[in-house]
Amino acid sequence: MGNFSFKQFTIEQDLCAMKVGTDGVLLGAWAAGGDRLLDVGTGTGVIALMMAQRYPEAHITAIDVDEKAVRQAVENVARAGREDRIEVMRLAVQAMGYDDDYHGVFDAVVSNPPFFVDALKAPDDRRSMARHADTLTYAELMEAAWHLLTDEGVLSVVVPFDYVQKMEDEATFRGFFLRRVCAVCTKAGEPARRYLLAFRKRPCRCQRSEMTIGDETYRLLTKDFYL
């Protein structure tokens, strides 16, 4: 698969196991931001670049454990002229969570996390690593995000419909409260196939919404990105 062009930047993805997809684009257009942002599992860097476009004053740290993905993200960030605002590092979020220097630093953590649990793995080791939760469990993500976020910070994720409850359970166990939920349907009249979720550390009222791929809500959300 070749490059993927947005209005303000182009994503090369030949080095990445996981290509640009609807999940990442939705999360990048929907997630809460702030002055200091962390993109966990950045892959091509598409979410980091989308957040940089939405939050022009933000400084973004984009991390991934895959060496080729990090190289790809560095190249995409440089091509977009965002090196001054996006730092790409090969680093596991679990390690950041144990590092006191990062505690309470980020206003927002954004992640399109691995989601397959106890499922048959893909033959491609790198694609399998990107898709399976062996390398980053939901519990590990929640634990790390709790330490990395400010008291008012927000964790935003996207998950398939059949993993929503597991993600919510792990968040609740760690002490997070559900802040926003958006159910995303592939076609009108069909059940939602993916969910956008946002969590906070403090009690809050949860805002719920729904959209269908291609409807007016979806077009408004992504209009600043898609050509």
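The paragraphs below lead through selected helices, a strand residue, the salt bridges and the cysteines of this predicted model.

Residues are numbered from 1 along each chain as its sequence is written, and side-chain values use heavy atoms, with hydrogens and water left out. In this predicted model, local features need pLDDT of at least 70 and side-chain atom pairs count only at pLDDT 80 or more, while totals for chains, interfaces and linings use all residues.

Helices (H or I, at least four residues) and strands (E, at least two) are DSSP runs, numbered from the N terminus. Helix α3 covers residues 67-79, which makes 13 residues, and its first and last C-alpha atoms are 19 Å apart, close to the 18 Å expected at 1.5 Å a residue; the expected span is 1.5 Å times one less than the number of residues. Its buried residues are A69, V70, Q72, A73, N76 and V77. Viewed down the axis of α3, these buried residues fall within an arc of 160°, so they line one face of the helix; the arc is that of the directions from the helix axis to the C-beta atoms. Buried here means under 20% relative accessible area, exposed means over 50%, and partly exposed lies in between (1.4 Å probe, protein chains only).

Both ends of α3 have features of their own. Just after the helix, G81 takes a positive phi of about 70°.

Helix α2 (residues 46-54) is mostly covered, with eight of its nine residues buried. The buried set consists of V46, I47, A48, L49, M50, M51, A52 and Q53.

In strand β9 (residues 192-200) one finds Y195, which is partly exposed at a relative accessible area of 22%. Leaving aside residues up to four places away in sequence, Y195 touches V157, V158, V159, F161, V164, V181, C182 and A183, where contact means heavy atoms within 4.5 Å. Y195 and L27 are 168 residues apart in sequence, and their C-alpha atoms are 9.6 Å apart in space.

How many salt bridges does the structure hold? There are eight salt bridges, each a side-chain nitrogen of Lys or Arg within 4 Å of a carboxyl oxygen of Asp or Glu. One of them joins the side chains of R90 and E67 at 3.8 Å, N to O. R90 lies in strand β5 (residues 86-90) and E67 in helix α3, so the pair ties together parts that are 23 residues apart in sequence. R90 is exposed, with a relative accessible area of 54%.

A salt bridge of 2.7 Å, N to O, pairs R174 with E143. This pair links distant parts of the chain, with R174 in helix α7 (residues 164-174) and E143 in helix α6 (residues 138-148), 31 residues apart.

E152 and R202 meet in a salt bridge of 2.5 Å, N to O. E152 belongs to strand β7 (residues 149-160) and R202 to the loop between β9 and β10 (207-212), so parts 50 residues apart in sequence are tied together. Salt bridges with shared partners join D151, E152, R200 and R202 into one network.

The cysteines complete the account. With a disulfide defined as a pair of cysteine sulfur atoms within 2.5 Å, the count comes to zero. C206 is in no disulfide, and the nearest cysteine sulfur, that of C204, is 7.2 Å away. C206 is partly exposed at 27% relative accessibility, whereas C16 is buried at 4%.
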